[in-house]
Amino acid sequence: MRQIDHFIVGDSPAPTRKHQVWNPSTGEVQAEVGLGDAALLEQAIATAQKVQPEWAATNPQKRARVMFKFKELIEANMQSLAELLSSEHGKVIDDAKGDVQRGLEVIEYACGIPQVLKGEYTQGAGPGIDVYSMRQPLGIGAGITPFNFPAMIPMWMFGMAIAAGNAFILKPSERDPSVPVRLAELFVEAGAPEGLLQVVHGDKEMVDAILDHPAISAVSFVGSSDIAHYVYKRGVAAGKRVQAMGGAKNHGIVMPDADLDQVVNDLAGAAFGSAGERCMALPVVVPVGEDTAERLKEKLIPAIHGLKIGVSSDPDAHYGPVVTPEHKARVEGWIDTAEKEGAEIVIDGRGFTLQGHEDGFFVGPTLIDHVTPKMDSYQEEIFGPVLQIVRANDFEDAVRLPSDHQYGNGVAIFTRNGHAAREFASRVNVGMVGINVPIPVPVSYHSFGGWKRSGFGDIDQYGTEGLKFWTKLKKVTQRWPDGGGDRSNAFVIPTMG
Ligand code: NAD
């Protein structure tokens, strides 16, 4: 059995607990990962404390060169990274390349760290007084990441944190931990000092150790909302800076004037791609008006029947299996719930098996109509290849649905009406909006983050927000007296009046 080890400096003690890593396409256990504890974290922190000061003192251009080299190495290893990722996660290879690529784009942004780290300067803010600011690293940062983007999300975090001068400890998902380890190996190959980026595997025990450790200044978390909220509260209580991104239930609003062929094409990819295991998937479609709903449904049904489900290495498959047998049962359980709640199961993906791969964790594409806001299956995240139709009476209804939902990660509107789109984008209570763009994940030089129960804490991932998260701002006010002496009243708060 393949063993997946921590990536730390020095020997790691033999694990007392292990977690099985599946191959979701075959339903077999393909590896085991040892789960670490507080003692292992202590070892990683001791190393990080040794290497971080020198890294922070390395000029930003040299730090950027490591990022450049890392980018080259990832590009050179793209195929093998994608295959490894796909074999543990279950997403198809091209989609796995997208996972790596979207993380790589944050590394590209981090290559510009000398430019973005430049501070602000005001000459002559007062008589003989200058004010300037500089962004300094926090020290040691940690990232706790979900299974669904095992390359992209770690790179969102450590790319920014390390370029800014921090050491980083990553605790990836125990369900697909191999790619994060491979990334850390490539980072050392790129010239990073050993111990700057370490990977510790584990579950709640390791997460709690991270949240409680006083040497870790900031924690970035991405995962489900209840755990995000828990991580946020516990980390903040321990005096850390915490950003914690949670679950999602993104709506796609379809206005009567939308190009329905385009909508169906976009929806098929956004609802079923990666078996729906994306926090920016579009699992809810909201046609505005009964006529739009009927026309859309008529086009959606054949498109969904045309989807090809396959093993993750099948180049013709639109999507592969879900990640674990428990997750397959959970997704199918939500379809049962929707049925019991009175929704119409138009296309039923329960009990789907792939010929020759009967033990794989496949769920067929599912379309559910006449879903209403009162249903639990609407309120909760399903995170599978399931598309729900919620019919809206009018535009106001369509703005209200995603705005009132507990999650507020992403939303999209499909329309040809610029005014409606503009109104929607400005009024909807959701963090990321797409206008005729089904998956509006902002590019790496903007920032990513949802609202409400999709994001706890107030600073987003990557881009300038990410830079803010991983640095602290020092403000310097300086005066160089000319020798004449300033005899103003030192007992009154200085003003620039
Ligand atoms: P998860 O919450 O189960 O796990 C996330 C991380 O938390 C993992 O590293 C896991 O080991 C750890 N963890 C699990 N249980 C824990 C516990 N009881 N205490 C402390 N830590 C614990 O999430 P997942 O299933 O891996 O990922 C899917 C979820 O992540 C979905 O809800 C999805 O919407 C969300 N997600 C959100 C975003 C976003 O940016 N908002 C992005 C990707 C995924």
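Which residues does UniProt list for "domain: Aldehyde dehydrogenase"? In the unreviewed UniProt entry, this annotation covers residues 17–476. The structure described here is a predicted model.

The domain assignment divides the chain into domain 1 (2–246 + 454–476) and domain 2 (251–435). Taken over C-alpha atoms, the centres of domain 1 and domain 2 are separated by 31 Å. Contacts across the boundary involve 18 residues of domain 1 and 26 residues of domain 2. On the side of domain 1 that touches domain 2, helix H3 (78–89) and helix H4 (93–110) each contribute at least two residues. The most is given by H3, with three residues. Sorted by class, this side of domain 1 comprises five nonpolar, 10 polar and three charged residues.

The surroundings of the ligand were examined next. The ligand is surrounded by 26 residues, of which Pro146, Gly223, Met245, Gly247 and Cys279 are the closest. In terms of class, 11 residues of this shell are nonpolar, 10 are polar and five are charged. Both domain 1 (2–246 + 454–476) and domain 2 (251–435) are represented in the shell around the ligand, each by at least three residues.

The largest nonpolar core contains 141 residues. The members that touch the most other members of this core are Met160, Ile210, Val219, Val231, Ile253, Val254 and Leu267. Helix H6 (residues 152–163) makes the greatest contribution to the core, giving 10 residues. At least three residues of the core come from each of domain 1 (2–246 + 454–476) and domain 2 (251–435). The surroundings of valine 254 were considered individually. When neighbours within four places in sequence are left aside, valine 254 is in contact with Val263, Val285, Val286, Pro287, Val288, Thr292, Leu296 and Phe414.

Several loop residues were also examined. Lysine 118 is placed in the loop that joins helix H5 (113–116) to strand E4 (121–126). Lysine 118 counts as exposed because 12 C-beta neighbours lie inside 10 Å, and the exposed class extends to residues with 12 or fewer such neighbours. Between the C-alpha atoms of lysine 118 and serine 133 the separation is 8.8 Å, the two residues being 15 residues apart along the chain.

Positive phi values in residues other than glycine were found at histidine 370 and at asparagine 436. For histidine 370, phi is near 55°. Histidine 370 belongs to the loop between strand E14 (366–369) and helix H13 (376–379). Because histidine 370 has 16 C-beta neighbours inside 10 Å, this residue counts as partly exposed. For asparagine 436, phi is about 60°. Asparagine 436 is found in the loop between strand E18 (432–435) and strand E19 (451–452). With 16 other C-beta atoms within 10 Å, asparagine 436 is therefore partly exposed. A residue is assigned to the buried class if 20 or more other C-beta atoms lie within 10 Å of its own.

Terms used
Residues numbered from 1 in each chain as written. Predicted model: local features only at pLDDT ≥ 70, side-chain atom pairs only at ≥ 80, totals over all residues. UniProt positions renumbered as here; feature names shortened; annotations may be inferred. Near = placed C-beta within 6 Å. Nonpolar A, V, L, I, M, F, W, Y, C, P; charged D, E, K, R; others polar. Domains from an automatic or database assignment. Core = buried A, V, L, I, M, F, W, Y, C linked by C-beta atoms within 7 Å. Helix = DSSP H or I, 4+ residues; strand = E, 2+ residues; numbered from the N terminus. Contact = placed C-beta atoms within 7 Å.
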